[in-house]
Amino acid sequence: MRENKIGILDFGGQYAHLIATKLRNLQILAEILDPEDSTEKFREYKGLILSGSPALSSFDEESSYNKEIFNEDIPILGLCFGHQEIAKYYGGKVEHRSREYGRAILKIVANSPIFDGLSESETVWMSHGDSVVELGKDFCEIGISLNAGIEHRNSAIASEKYKRYGFQFHPEVDDTTNGEKMLFNFASKVCGVTPDWKMESYKDFLIEKIKNEAKNRDVFLLASGGVDSTVCATLLIKSLGPERVHLLHIDNGLLRKDESKEVLRLFQKTGLSENLHFRDASDKFINALNGVIEPEKKRKIIGDTFIKIFEEEVNKLSLKDPILAQGTIYPDTIETKGTKRADLIKTHHNRVPQILEMIEKGRVIEPLKELYKSEVRKLGEELALPRSLIYRHPFPGPGLGVRLLCHSGIESDLEKRCSAEKSISEMLKGSDIEAKVLPIKSVGVKADLRCYDYPVILSGNIDWQNIESLCSSIYQTSKEINRCAVLLSKSKIENISLINATITRERLDLLKEADFIVSKILKENGWYEKIWQCPTVFLPLNINGKGREFIVIRPVYSERGMTARPSLLDEKTRTLLVDSLSKLENISGIALDVTTKPPGTIEWE
Ligand code: XMP
């Protein structure tokens, strides 16, 4: 039986997730699928969309995925790579010809329901190096693009006979002016999907789904107090009743200052306390992290320790065959190589191997795993949760564990770092800006792939208006750099030495205090509501013979956490931050991270 929804085959393109979000904004349910899923699975959908792909080319190789879809009577729309695959499957030809990037004009040259209500000429967004140069016999060209005066053929194609459509451009990005209309036409006019998806009906759908998945088993949820797990807890209780839902809040020692106290109070207030369990496991986590330096290792240890504690607590209650519920949202899965073609950017705490094993065995339910944070927040509003909870800044599962950078104290790649610093300094010659490359790496993402590179600290005469473009030139000058920050504390950096440091309670306490000060100042100066999040990060560095912790403040604007722009704050707030933070003990310097994502992730690890 086909359900009233569209499936998106994710070939790993950076915009695949946006297709789903755009459709849901149009009240059409869309779900992300694996291109290797079974034909049976694809039959649940009234229409399929094949996404673009960063790594695959229809020209170079035969791509492997479930091509049975083409034998099914399900309308298919292909975008970019997907467009080329459709053309090729039905006897067309794809070649490395005519690259197009950015804005183009699409001339619509034939009638098609997919272009209903559009004008003859539309602004679209392109990003491709391969093109469809010949069409199979049942296909026709319905759009030609014009880019810098050059005509590109077959930019939109269709076979009304098979209900197959292909766009070389991306209707899902905001720069394709009427892209949403095209997606809507495909879903409603071609596939016959009724636009009745509302958060309210989705809430009811999720409640039913939880009932079906949980069957008669009890559910145990790790509840951090963040928006995702609290929305998830509320949904579980609505579906299964409070007796069958056990909430476990673990103090892992990596939470913000006084957070556990606050969370327990909040759960009491919101009626989530019937089966609430609390465990202070901070010693276990801190001991397990002792001596560990590598960020992926830290993430895995934190994830594994969560599971160990979960199992210990479940055993104490002697529940029969309980299942684990998690507030996982879509970006958590994609960054942990959640789809076969995505790269591992970082392992999210709810995607460690043990959990993956439990998922395989059907022992995990994750009701929010198709949603973005903004959608979870809408769902939270639907569930009447308090605004203060829904609009709290996101906080990563591994908490301050990934904001307290660790090091052996011994530098391994001095040559690379010095050569990066030299080329950047040459580029900055005559600008009154000094660049120092720090001897400690952080995680980033470049062209959809994970990177682990150096940050550069800029000081001197900073032109805040043009800082983003200066950073772009730095990334182009040196491939060793994925992050830029501006020194806020006054004294110039003369020499830097690395300190041998791992996670300790003392370091955590200091970071908690610094994080508390940053949040307070942001709230008092009207920034908290404007930004997505502001990690406070410690780097174990001694500067000019002084201090042990170099503080980086990372305020960012973001819609979904998948991309981000730095918030530069204002001069008064920056000064307040420096004045207050430098009063803490052992601080060697303070900087403001001004990196976009990509190339830096929001968190440093
Ligand atoms: P990045 O650092 O990947 O962060 O740019 C994107 C968003 O995800 C949050 N984040 C996590 N959330 N578990 C989580 O629940 C994790 O392991 C994790 N790592 C990063 C991060 O705070 C930001 O909002």
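## Around asparagine 66

Setting aside residues up to four places away in sequence, asparagine 66 touches Pro35, Glu36, Asp37, Ser38, Thr39 and Phe42. All of this comes from a predicted model, so keep that in mind throughout. Asparagine 66 sits in the loop that runs between strand E3 (45-50) and strand E4 (76-79).

Is asparagine 66 buried or exposed? Its relative accessible area is 14%, and the cut-off for buried is under 20%, so asparagine 66 counts as buried.

## The chain as a whole

Stepping back, the protein chain has 17 helices and 25 strands. Its radius of gyration is 26 Å, close to the 25 Å that the globule rule gives for 605 residues, so the chain is as compact as a globular protein of that length. If you want a box for it, the C-alpha atoms fill roughly 75 × 70 × 40 Å along the principal axes.

On burial, 59% of the 605 residues count as buried. The accessible surface of the protein chain is about 24900 Å², and carbon and sulfur atoms own 48% of that. As for contacts, take those in the protein chain with a separation of 6 or more: 76% of them are between residues 24 or more positions apart.

## Two helices packing: H9 and H11

Two packed helices are described by the angle between their axes and the distance between the axes. For helix H9 (residues 295-317) and helix H11 (residues 353-360), the angle is about 55° and the axes are 8 Å apart. Angles of 65 to 115 degrees would count as roughly perpendicular and those under 35 as roughly parallel; H9 and H11 are therefore oblique to each other.

Which residues meet here? From H9 come Lys300, Asp304, Ile307, Phe310 and Glu311, and from H11 come Pro353, Gln354, Ile355 and Met358. Sorted by class, this contact has 5 nonpolar, 1 polar and 3 charged residues. A bit of helix geometry is handy when you look at those numbers: an α-helix has 3.6 residues a turn, so residues three or four places apart point the same way.

## Helix H3 and the glycine after it

Helix H3 (residues 81-89) is mostly covered, with 7 of its 9 residues buried. The buried ones in H3 are Phe81, Gly82, His83, Gln84, Glu85, Ile86 and Ala87. After H3 comes glycine 91, which has a positive phi, near 95°.

Threonine 230 belongs to helix H6 (residues 227-240). How much relative accessible area does threonine 230 have? The value is 0%, so threonine 230 is buried. Not counting residues up to four places away in sequence, threonine 230 touches Gly225, Phe267, Leu272, Leu385 and Leu389.

Threonine 123 is in strand E6 (residues 121-134). Leaving aside neighbours within four places in sequence, threonine 123 is in contact with Arg103, Ala104, Ile105, Asp175, Thr176 and Thr177.

## Positive phi outside glycine

Aspartate 432 has a positive phi, near 70°, in a residue other than glycine. Aspartate 432 lies in the loop between helix H14 (414-427) and strand E15 (433-437). With 59% relative accessibility, aspartate 432 counts as exposed.

Leucine 569 is another residue other than glycine with a positive phi, here near 60°. Its loop is the one between strand E24 (565-566) and helix H17 (571-581). Is leucine 569 buried or exposed? At 9% relative accessibility, leucine 569 counts as buried, whereas aspartate 432 is exposed.

Proline 598 is in the segment after strand E25 (587-593).

The bond joining proline 598 and proline 599 is a cis peptide bond too, with omega about 10°. Proline 599 is likewise placed in the segment after E25.

Conventions. Residues numbered from 1 in each chain as written. Predicted model: local features only at pLDDT ≥ 70, side-chain atom pairs only at ≥ 80, totals over all residues. Heavy atoms only, no water. Axes fitted to C-alpha atoms, helices over the stretch in contact; angles between N-to-C directions. Helix = DSSP H or I, 4+ residues; strand = E, 2+ residues; numbered from the N terminus. Parallel < 35°, antiparallel > 145°, perpendicular 65-115°, else oblique. Contact = heavy atoms within 4.5 Å. Nonpolar A, V, L, I, M, F, W, Y, C, P; charged D, E, K, R; others polar. Rg over C-alpha atoms; globule rule 2.2 N^0.38 Å. Buried < 20%, exposed > 50% of the residue type's maximum accessible area, 1.4 Å probe, protein only. Areas by Shrake-Rupley, 256 points an atom, 1.4 Å probe, with all protein chains shown as cover.
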